[in-house]
Amino acid sequence: MKSLLIITLSLVSVVALEAQNYNGNEEIYNCFTIIAGKGTTADGSVLMAHNEDDGGEQMLNMYVVPENVTKGRAKYIWGEFPGMEAADLFMNQYGVAIVSDQCISKEDKALLTDGGILYELRVTVAQKAKSAKEAVRIMGRLVEQYGYRTSGRSYMVADNNEGWIFSAVKGKHWVAARVPDNQVMIIPNNYVIDKINLADTVNFAGCSDIISYAEERGWYNPATDGEFSFRKAYSDQRNFYSPRNVIRHLSAIQYFTGKPYQNNPDKFEFTVTPSKKVTLQDMMTVLRSHGENTKFAMELKGEGGSHPNCICFKTTVLSAIFQLRGNMPTELGSVMWMTPYHPCVSAYIPWYLGMTAAPENFGRYNDPDMAITNHFSHAKEMRANNPDIIYWKYLDRFEKINSNYAGNIFEIRGKNADFQEKLFKEQSSFEKKAAKIANDKVKFGEMLNEQTSKLYKLYLK
């Protein structure tokens, strides 16, 4: 990998980043997310797609956490990684889904109260938020009250009407932007919110001093910088221009627009207009991407014919797409299509919001409340302590494929495509049958539970 990725860092400086350093520090390049507004999608849904990337031993657990009125807790489907503070994903009974991507900021003088806040942000959204916009308000209040504990992160939240991105900076600064209905937003592990207008409360939100604080710190000078750009003012420059972030963003933006882009993140728009209506299949294609539509594809291949890296990375531990449809009852219209581990070798299976229990062996506890209580406990030697979890079947399956990835992948892709197409064709008829018994919550939930459980058994047999 000797070629160079040339990126313009400023009007007067150019930095050459070696493609061989593409992997960089994997701990700060975790996750990838896309939000497609309802005006861009083939079925009128809001689509939010996410790859979760985390190093070390991870174990995906899935739970359906019941509503608890006494505790003020909504029901939610929970994708849990035990011991992790910034990896879990949620979809609650109102169809509000939340995921996150780490983003490194410049902040080095953070103000925190009572140690700050991190994991509680996403959990509170899952328990309380009745819309994506309310989720933004909840997170904003918490960040301003306690301060965000790590360098920075962007939270993507969506419901069946709209999607938002909420960007937290270490300390008590934050900003949020709505994804326009006719646009697609793409985010790797750097801030992407650009120009903001806090007076436009329909499309933006943020702390009152987001601009003045940047001026105070010398990150923004109105006289020389022109209109304020959040990503320019607050991003750590090494992070913003890292080849890993740039190449992933480039691959996705070219896929959706159908246009060639310079490999310069300064030129990447906050949102783009897709060249055609966006489908579930499109989201799956992008989350599985190894940069095939960029000139860097050959350089990103794994050593010895093993798994290549790009959006689907060697540390990808979960891939999910939230299909949030407003023309159907929420419990049936809100679906999380999910696959554990690497999406490039697996099919996505639907989890309907109306489910009342996860399939057997998807969690280390039978009681979701036990999982909540012990989220940060017993999170070491997880395979040895929880050998029957379904996640290990996906891991072992991948390792077998990866023993000769180049030789196995085409057959695997074909089998997955056939299985996926079958699910797409059957989705409408299944949902019509389910809708007929939707008033009987017990039978309805059991039908949805059985469908997801059946599909995993069929896929993994």
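## Basis of the model

Two strands pair if DSSP finds at least two bridges between them. Strands (E, at least two residues) and helices (H or I, at least four) are DSSP runs, numbered from the N terminus. This is a predicted model, in which local features need pLDDT of at least 70 and side-chain atom pairs count only at pLDDT 80 or more, while totals for chains, interfaces and linings use all residues. Residues are numbered from 1 along each chain as its sequence is written, and side-chain values use heavy atoms, with hydrogens and water left out.

A hairpin joins β10 to β11 through one residue. These two strands pair in the antiparallel sense over seven bridges, with G163 opposite V179 in β11. β11 is also joined to β13 by three bridges, again antiparallel; here A177 stands opposite F204 in β13. Seven of the seven residues of β11 are buried, so the strand is largely enclosed by the rest of the structure. Buried means under 20% relative accessible area, exposed over 50%, and partly exposed in between (1.4 Å probe, protein chains only).

Both pairings belong to an open sheet of eight strands in the order β5-β6-β7-β8-β9-β10-β11-β13, with antiparallel pairing. β5 (61-65) and β13 are the edge strands, each pairing on one side only. Direction ignored, neighbouring strands of this sheet are turned by 15° against each other on average. Elsewhere in the order, strand β6 (residues 76-80) and strand β7 (residues 89-92) pair antiparallel over four bridges, and Y76 stands opposite N92 in β7.

## Helices on the sheet

α1 packs on the sheet and touches β6, β7, β8 and β9, where contact means heavy atoms within 4.5 Å. The direction of α1 makes about 20° with that of β7. Axes are lines fitted to C-alpha atoms, for helices over the stretch in contact, and angles run from 0 to 180 degrees between N-to-C directions. α2 lies across β8, β9, β10, β11 and β13, running at about 5° to β10.

Helix α2 (residues 132-146) has 15 residues, which at 1.5 Å a residue should span 21 Å; its end C-alpha atoms are 21 Å apart, which agrees. The expected span is 1.5 Å times one less than the number of residues. Among the buried residues of α2 are A132, A135, I138 and L142. The buried residues of α2 pack against elements including α1 (119-128) and β9 (148-158). Just after α2, G147 takes a positive phi of about 90°.

## Nonpolar core

A nonpolar core is a set of buried Ala, Val, Leu, Ile, Met, Phe, Trp, Tyr and Cys residues joined through side-chain atoms within 4.5 Å. The largest one has 144 residues, of which I34, Y234, I321, F322, M336 and M338 touch the most other members. Helix α13 (residues 405-436) gives the most to this core, with eight residues.

Not counting residues up to four places away in sequence, M338 touches residues including L60, A320, W351 and Y456. A320 is found in strand β15 (residues 316-324) and, at 0% relative accessibility, counts as buried.

## Helix α14

At 1.5 Å a residue, the 20 residues of helix α14 (residues 441-460) should span 28 Å; its end C-alpha atoms are 29 Å apart, which agrees. Its buried residues include F444, L448, L455 and Y459. The buried residues of α14 pack against α9 (330-333), β16 (334-340), β17 (349-352), α12 (391-402) and α13.
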